[in-house]
Amino acid sequence: MRRLFPQPAPSGDAATAPARTTDSAAAAGPAGEPAPPARTGGPSGPPWPLEELADAYAYPAAAGPDAPGGPVPWLRGNMVASLDGAAHHQGRSQPLSSDADMRVFGVLRALADAVVVGAETVRQEGYRPARAREAFAARRAAAGQGPAPAVAVVSAGLDLDFSLPLFTEPLVPTLVLTGAAAPADRQAAARAAGAVVVHAGEGTGVDPARVPGVLARHGHTRLLTEGGPRLLGQFAAAGVLDELCLTVSPRITVGNASRIVAGPGLAVPAEYELISLLEEDGFLFTRYRRAGTAATG
């Protein structure tokens, strides 16, 4: 894997690299993020260790438990798209993915307090509980996190199979985000399966603008959404999608697959700033931050 943006700092002794000592802005990425050392290897360089990927995708310090004044929720999305803009191929994202994409996918999950996902994506992708990974055990413990992120399923009608392992066998109880007026019998079924029902709206559905704050009150401030496109569109339209990690797959699908974001168009396009760009085997790993969003750390 290689970093294309911000530009890697020159290799060698820092004392012989004036740009790193006399012009800190040039040697750092957006928002003061330090540029990593240059790496060598093949066209894309060797695969990065998981720890290095985790550093590259670290959440802002303001979302952590030690933030002055208390943590502030930070919602990032992670999606993959083909060169022709498809969010999936025949209903699944796996045909657009790669080994490198799955490493990034796993790292983003390992950094999160909770993974927020729509009910349709749970059904289409066959979601299972997040698992504990030994490689991240010490990092999660130091960050005050449990062994694995919770999965938070957004659903209005609660048309979910609560006998699935996602609800009955998670390391951390699965949350079901719904409206206060959602079908009472389905809420009861979710609780009976072991899920935690969380109201994020007064009607039958969820108010996307309320989701980060509601999850923060349950101790989850480092948030990751994996879609689907409609849920991602709702978060973007509500102005609560702080960051988007988009993998651009070097594949073309044709067909009529949806884009990574779906829903009514915004009156004014939301603007995001490029934070970093990585590449491996032709796959581009982009990281964008909502313009004007304060991010420290």
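Strand 1 (residues 2-5) and strand 9 run antiparallel and are joined by three bridges. Strands here are DSSP E runs of at least two residues and helices are H or I runs of at least four, numbered from the N terminus, and two strands pair if DSSP finds at least two bridges between them. The model is a predicted one, in which local features need pLDDT of at least 70 and side-chain atom pairs count only at pLDDT 80 or more, while totals for chains, interfaces and linings use all residues. Residues are numbered from 1 along each chain as its sequence is written, and side-chain values use heavy atoms, with hydrogens and water left out.

Within the pairing of these two strands, R3 stands opposite L278 of strand 9. On to the next partner: strand 9 is also joined to strand 10 (residues 283-290), by eight bridges and again in an antiparallel manner. E280 has F283 in strand 10 as its bridge partner. Two residues lie between the strands of this hairpin, where D281 takes a positive phi near 55°. S276 belongs to strand 9, which spans residues 272-280. Is S276 buried or exposed? With a relative accessibility of 4%, S276 counts as buried, because buried means under 20% relative accessible area, exposed over 50%, and partly exposed in between (1.4 Å probe, protein chains only). Not counting residues up to four places away in sequence, S276 touches R3, F5, P6, F285, T286 and R287; contact means heavy atoms within 4.5 Å.

Attention now turns to the interior. In soluble globular proteins, nonpolar side chains tend to be buried together. A nonpolar core is taken as a set of buried Ala, Val, Leu, Ile, Met, Phe, Trp, Tyr and Cys residues joined through side-chain atoms within 4.5 Å. The largest such core holds 26 residues, and V116, L177, V211, L215, F235 and I260 touch the most other members. At least two residues each come from several elements, including strand 3 (114-118), strand 5 (175-178) and helix 8 (211-217). Helix 9 gives the largest share, four residues. Leaving aside neighbours within four places in sequence, L215 is in contact with V116, A152, L175, L177, H220 and L223. A second, separate core of 23 residues includes W74, L108, A112 and C245.

Helix 9 deserves a visit of its own. The buried residues of helix 9 are P229, L231, L232, G233, F235 and A236, and they pack against strand 2, strand 3, strand 4, helix 8, strand 7 (222-225) and strand 8. After helix 9 comes G239, with a positive phi near 75°.

Pockets come last. On a 1 Å grid over the protein atoms alone, a pocket is an open set of points with protein on both sides within 12 Å along at least five of seven lines, and lining residues have an atom within 4 Å of a point. The largest pocket has a volume of about 1200 Å³. Its lining comprises 49 residues, of which F105, T121, E125, Y127 and E226 are the closest to the centre. Among the elements that give two or more residues to this lining are helix 3 (99-111) and helix 4 (119-125).

The second largest pocket holds about 560 Å³ of space. Of its 22 lining residues, A236, R259, I260, V261 and L266 lie nearest the centre. Which element provides the largest share of this lining? Helix 9 does, with five residues.

Terms used:
On a 1 Å grid over the protein atoms alone, a cavity is a set of points where a 1.4 Å probe fits but cannot get out, and a pocket is an open set with protein on both sides within 12 Å along at least five of seven lines; lining residues have an atom within 4 Å of a point. Grid points are joined across faces, edges and corners, and a volume is the space filled by probe spheres set on the points.
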